[in-house]
Amino acid sequence: MGRKVLLISRKNNELKEIQKLLSINNYEHHLLDSIDQIEAALSPISSNCIIFDLDSIDVDNRTIRELTLNYPAVYFLCMSKDRFHPELKDAICYHIYACLTKPLDFDELLYWLRCIEAELDLDPSATPKDSR
């Protein structure tokens with residue numbers, strides 16, 4: 001599986017630096033502005049990571065849970081300026097691989113992406129649920 005990341009955000013100015021970082025580190029990346037676009041985007045590509053910008057999109061526990069059940073081989077990360085999201089506590093506890101705080105620490109993002117790669121390299125058939 002390639003190094004492919006989907007970014008879901010409506011704030012393009014924040015994403016320019018993330019996209020630059022991903023490009024420099026040879027990650028293919030695609031920008032979506034809605035969760036509704038995930039299914040169409042995952043059809044032509046095989047992504048191993050989806051990053052939600054919780055500050056710019058509306059998402060709830062149920063939606064995240066359904067996505068993780070529909071795409072068990074995909075790792076889900078989120079980023080936000082807020083440290084706590086009590087309305088998403090179940091999703092963050094059980095379905096999100098990692099949460100990143102803004103302003104984004106690019107070394108931390110690369111760390112988590114490399115952790116995902118390492119897990120996939122150890123057992124290509126592993127899913128995020130198998131590795132926890």
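Select aspartate 55 and lysine 102: their side chains meet in a salt bridge (3.1 Å, N to O). A salt bridge here is a side-chain nitrogen of Lys or Arg within 4 Å of a carboxyl oxygen of Asp or Glu. Aspartate 55 sits in the loop between β3 and α3 (61-70) and lysine 102 in the loop between β5 and α5, so the pair ties together parts that are 47 residues apart in sequence. The helix and strand labels follow DSSP runs (H or I of at least four residues for helices, E of at least two for strands), numbered from the N terminus.

Before going on, note that this is a predicted model, in which local features need pLDDT of at least 70 and side-chain atom pairs count only at pLDDT 80 or more, while totals for chains, interfaces and linings use all residues. Residues are numbered from 1 along each chain as its sequence is written, and side-chain values use heavy atoms, with hydrogens and water left out.

**Stop 1: around lysine 102**

Are the two partners buried or exposed, or in between? Aspartate 55 counts as partly exposed at 21% relative accessibility, and lysine 102 counts as buried at 13%. Buried means under 20% relative accessible area, exposed over 50%, and partly exposed in between (1.4 Å probe, protein chains only).

**Stop 2**

Show the whole chain as a cartoon. It has five helices and five strands, and from the N terminus the elements run β-α-β-α-β-α-β-α-β-α. Which order do the strands take in the sheet? The five strands form an open sheet in the order β2-β1-β3-β4-β5, with parallel pairing. Two strands count as paired if DSSP finds at least two bridges between them. At the edges stand β2 (28-32) and β5 (98-101), each with a single partner strand, so one side of each is left without a neighbour in the sheet. From one strand to the next, the twist averages 20°. Axes for such angles are lines fitted to C-alpha atoms (for helices, over the stretch in contact), and the angles run from 0 to 180 degrees between N-to-C directions.

Zoom in on β1 (residues 4-8) and β2, which pair in the parallel sense over five bridges. Select isoleucine 8: its bridge partner in β2 is leucine 32.

**Stop 3: arginine 3 and helix α5**

Four salt bridges are counted in total. One of them joins arginine 3 and glutamate 117, with the closest N and O atoms 3.1 Å apart. Arginine 3 lies in the segment before β1 and glutamate 117 in helix α5 (residues 106-122), so the pair ties together parts that are 114 residues apart in sequence. Arginine 3 is partly exposed, with a relative accessible area of 30%, whereas glutamate 117 counts as buried at 17%.

**Stop 4: the nonpolar cores**

Select Val5, Ile18, Ile51 and Leu109, the residues with the most contacts inside the largest nonpolar core, which has 22 residues. A nonpolar core is a set of buried Ala, Val, Leu, Ile, Met, Phe, Trp, Tyr and Cys residues joined through side-chain atoms within 4.5 Å. At least two residues of this core come from each of β1, α1 (12-24), β3, β4 (75-80), β5 and α5. The largest share, six residues, comes from α5.

Which residues touch isoleucine 18? Leaving aside neighbours within four places in sequence, isoleucine 18 is in contact (heavy atoms within 4.5 Å) with Leu7, Met79, Leu104, Phe106 and Leu109.

A second, separate core of 21 residues includes Leu42, Ile50, Ile57 and Leu67. Select leucine 42, which lies in helix α2 (residues 38-42) and counts as buried at 12% relative accessibility. Beyond its neighbours within four places in sequence, leucine 42 is in contact with Leu6, Ser47, Ile50 and Tyr71. Draw a C-alpha to C-alpha distance from leucine 42 to leucine 6: they are 8.8 Å apart in space and 36 residues apart in sequence.

**Last stop: the whole chain**

Colour the chain by burial: buried residues make up 48% of the 132 residues.
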